[in-house]
Amino acid sequence: MSDAAHGSTTPRSAGDAPKPKKRRRWPYVVGLPLAALAVGFGTLYLTAFAGWMPFGAGRALPEGVEMVADGYVAEFMVDAGPGAVALIDCGNDPEAKVLLAALAKRGLGKDAVKAIFLTHGHPDHTAGCRQFAAAEVMAFEAEVPIIEGKRRAASPGAALVGVKPDKAAKVTRTLKDGETVTVGATRVRAFLTPGHTVGSASFVAKDTVFLGDNALANADGTMRGAPALFTDDAIENRRSLKALAKRLADENITVKALAFGHTGALAGLGPLAAY
Ligand SMILES: [Zn+2]
């Protein structure tokens, strides 16, 4: 510290006289609203994900379905006959390390992935797709620009994250609502369930409903809709989930498990039907 700061009486020349301190206002003008925004989004984020079912605490999935958890996001490997699998989403890692390790554990390489079904275009669900050049990449048409990094989704969370071309994927086949796609020995049914994003999908394969981010499992075994901060239209999301529950029940589709992109799984159609 300088002598001046200690109030020293040492004589000094006029040039040393302390300048009157000007309080800088701009750090407060800029910083306070930013801090408020950060706290606001932090609170919203915690509210959105509080009380959810952790991956490890979820119910076991039916035979032929493997959850591959990679940090805070899960993708799913669905058996499609000898040496072949289909993926539901492909994760947040452009190198898809965890997926490649899961394949290697089965003695399989990248080319074993014959098809990828994308629940939606948020980058934490699409980044790994580029590793699987042999796979058909499928999604609903409305979602394609988001998946391909040409447009961002409309939610506040997506605005914060922005478009991430380095995590984009190329869609090679668009789906029709209700369509069944056969991959090797496995049939995958596609349902259009917009709301979380404009072209969000849910898929049914091996008696499992893959809901992506259209819904989350609560730790108490109930289900909730998509997290609001990252959702384009919460009302449409709710409507889509209710319509999906009715379609699955009306068509007598066997449902042994509900699988989610960010939480553990639930058993049976019950939690979706009760939502
Ligand atoms: Zn999402």
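Ala-201 lies in strand S9, which covers residues 201-205. The model is predicted. Ala-201 counts as buried because 27 other C-beta atoms lie within 10 Å, and the cut-off for that class is 20 or more. Leaving aside neighbours within four places in sequence, Ala-201 is in contact with Thr-119, His-120, Ala-139, Phe-140, Leu-175, Ala-190, Phe-191, Leu-192, Thr-193 and Gly-212. Asp-213 is twelve residues from Ala-201 in sequence, and the C-alpha atoms of the two are 9.3 Å apart.

One of the contacts of Ala-201, Ala-139, stands opposite Thr-174 in S6. Strand S5 (residues 136-140) pairs with S6 in the parallel sense, over three bridges.

**The six-strand sheet**

S5 and S6 belong to an open sheet of six strands with the order S1-S2-S3-S4-S5-S6 and mixed pairing. At the edges are S1 and strand S6 (173-175), each of which pairs on one side only. On average, neighbouring strands of this sheet are turned by 25° against each other, direction ignored. Helix H3, residues 97-105, packs on the sheet and touches S1 and S2; the direction of H3 makes about 145° with that of S1.

| Strand pair | Sense | Bridges |
|---|---|---|
| S1 (residues 65-70) and S2 | antiparallel | six bridges |
| S2 and S3 (residues 85-88) | antiparallel | four bridges |
| S5 (residues 136-140) and S6 | parallel | three bridges |

Strands of a sheet pair through backbone hydrogen bonds, in either the parallel or the antiparallel sense.

Strand S2 spans residues 73-79, and six of its seven residues are buried, so the strand is largely enclosed by the rest of the structure.

Towards S3, Asp-79 stands opposite Val-85. S2 and S3 also form a hairpin, with five residues between them. Gly-81, in the turn of that hairpin, has a positive phi of about 100°.

**The chain as a whole**

The protein chain holds eight helices and 14 strands. Of its 275 residues, 40% are buried. Among contacts with a separation of 6 or more, 63% join residues 24 or more positions apart.

Note on methods. Residues numbered from 1 in each chain as written. Predicted model: local features only at pLDDT ≥ 70, side-chain atom pairs only at ≥ 80, totals over all residues. Helix = DSSP H or I, 4+ residues; strand = E, 2+ residues; numbered from the N terminus. Buried ≥ 20, exposed ≤ 12 C-beta atoms within 10 Å, placed from the backbone. Contact = placed C-beta atoms within 7 Å. Pairing = 2+ DSSP bridges. Axes fitted to C-alpha atoms, helices over the stretch in contact; angles between N-to-C directions.
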